[in-house]
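Subject: Structure handover

Hello,

The structure is below, followed by notes on what was found in it.

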Amino acid sequence: MNRKLSLNAFAMACVGHQSPGLWARDDDQSADYTSLEHWIDLARLLEDGGFDSLFLADVLGTYDVYGGSRDEAVRVGAQVPVSDPIPAISAMAAATKNLGFGVTVTTTYEQPYALARRFTTLDHLTKGRIGWNVVTGYLDSAAKNLGFTAQIPHDERYEIADEYLEVCYKLWEHSWEDDAVVRDRERGIYADPAKVHDIGHHGQYYDVPGAFLCEPSPQRTPVIFQAGASPRGRQFAAKHAEAIFVIGPTPAAVRRTTSALREEAEKAGRDPYSIKIIAGLTAIVRESDEEAADLLESYRQSASLSGALALFGGWTGVDLAEYPYDAPLVHITTDANRSALDAFTRDADHEWTVEELARWVSIGGRGPVMAGSPTTVADTLEEWQQEADVDGFNFMYVTRPGTFTDIVTHLVPELRRRGLVAPAPATPASLRERLGTGDGARLSAAHYARSLQIAAPTPR
């Protein structure tokens, strides 16, 4: 099967994302994350380099499990401080024409009526280039600072998210008819009131009786991304997601997740290959294998192992501060990010020690790291595409923008030479069209959201 690869950049509005400690290097500009120019320059680089989207991660709490406090995360800048990723998107969109933007927002801590408006606004301002990475949250620190005494149990968070998406779909897809906006200057009628409907939603978690505030945007519903790999997360993704972000240390580990996701999608009545599965990894690319290997070794010397364990603690809820480095990992069920723990325990190909884990996570987080020439890395990506059955890659950075600059300069031309990357659209296209997951800019007619019913219109 010859599939074009979807290329996505994975970043976060923080000092240290997946490679803690690297911000201190002279060749890293991540500490400029508060500068709008930093993000505009990155967006232009990615668009010129043929990327489909910039995928922006986010968290609403600090990583405070390791050693029982947030101190290590703060000390090394491990995803704290972190800014809201949304405000910079409009500026990046204004500086580009085709680059899409996927942004992480949790369903647990704000109302769907308000968030639906924010995404519709972004979809208008980006001309249909916005996607939503739907997450349910995993940090206890976030839950406590946002009004909860403790984290809501894992599977219940997905129950809430299911209804949350239902509310959003009704607002986006069904409140305003396609021809509700008439813009009739002669009669002074902007929209036809008879074609704007209350959604009448009354559920277990949300009551949203009224009509949507916004007129339909180019995509109506943003592209739905999802990243949960737990059994409940897979059910949620099979129902809702158009693209799924997966991560694992080896193609075999990722293939297990990919197969489970495609099986779940088939159970949900969807074409398993209508959903794009995108694997997270870090690629260090230079002109030769030796130069890339030397650069990776230099990166490893700069990385913070304690910062890596602070990240792992936040992802899993497991504090490894008191364990010796040669201690083996064991599987522990928590209400944090279960798939993160499974990748190194239940789904692992060998027994990991704490030190092995720390060294792995210190460069590229939970994902694999490959270093080499354009030919070597392109060969590896093709192997991953076939063995892991993925549709594209979410490239994580070690230094920003250095890692992405190297990919654009060295790797993308080789992928294009092999016919693995589609050319940029001749005219501006929506993110959904770029990914090929819907009916043009709209959600596929087969998607669950399109079949939802709202309250009957009030007789007039």
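Which residues line the second largest cavity? They are Asn8, Phe55, Phe225, Ile244, Phe245, Ile278 and Asn394. On a 1 Å grid over the protein atoms alone, a cavity is a set of points where a 1.4 Å probe fits but cannot get out, and lining residues have an atom within 4 Å of a point. The volume of the second largest cavity is about 30 Å³, taken as the space filled by probe spheres set on the points.

This is a predicted model, in which local features need pLDDT of at least 70, side-chain atom pairs count only at pLDDT 80 or more, and totals for chains, interfaces and linings use all residues. Residues are numbered from 1 along each chain as its sequence is written, and side-chain values use heavy atoms, with hydrogens and water left out.

The largest cavity has a volume of about 40 Å³. Among the residues lining the largest cavity are His17, Trp23, Asp28 and Tyr397.

Helix H13 (a DSSP run of H or I, at least four residues) covers residues 374-388 and reaches 20 Å from its first C-alpha to its last. The expected span is 21 Å, that is, 1.5 Å times one less than the number of residues. Pro374, Val377, Ala378, Leu381, Trp384, Gln385 and Ala388 of H13 are buried (under 20% relative accessible area, 1.4 Å probe, protein chains only). Seen down the axis of H13, the buried residues fall within an arc of 120° (from the directions from the helix axis to the C-beta atoms), so they line one face of the helix. Just after H13, aspartate 389 takes a positive phi of about 55°.

Regards

Notes:
Helix = DSSP H or I, 4+ residues; strand = E, 2+ residues; numbered from the N terminus. Buried < 20%, exposed > 50% of the residue type's maximum accessible area, 1.4 Å probe, protein only. 1 Å grid on protein atoms, 1.4 Å probe; cavity = no way out; pocket = protein on both sides within 12 Å on 5 of 7 lines; lining within 4 Å.
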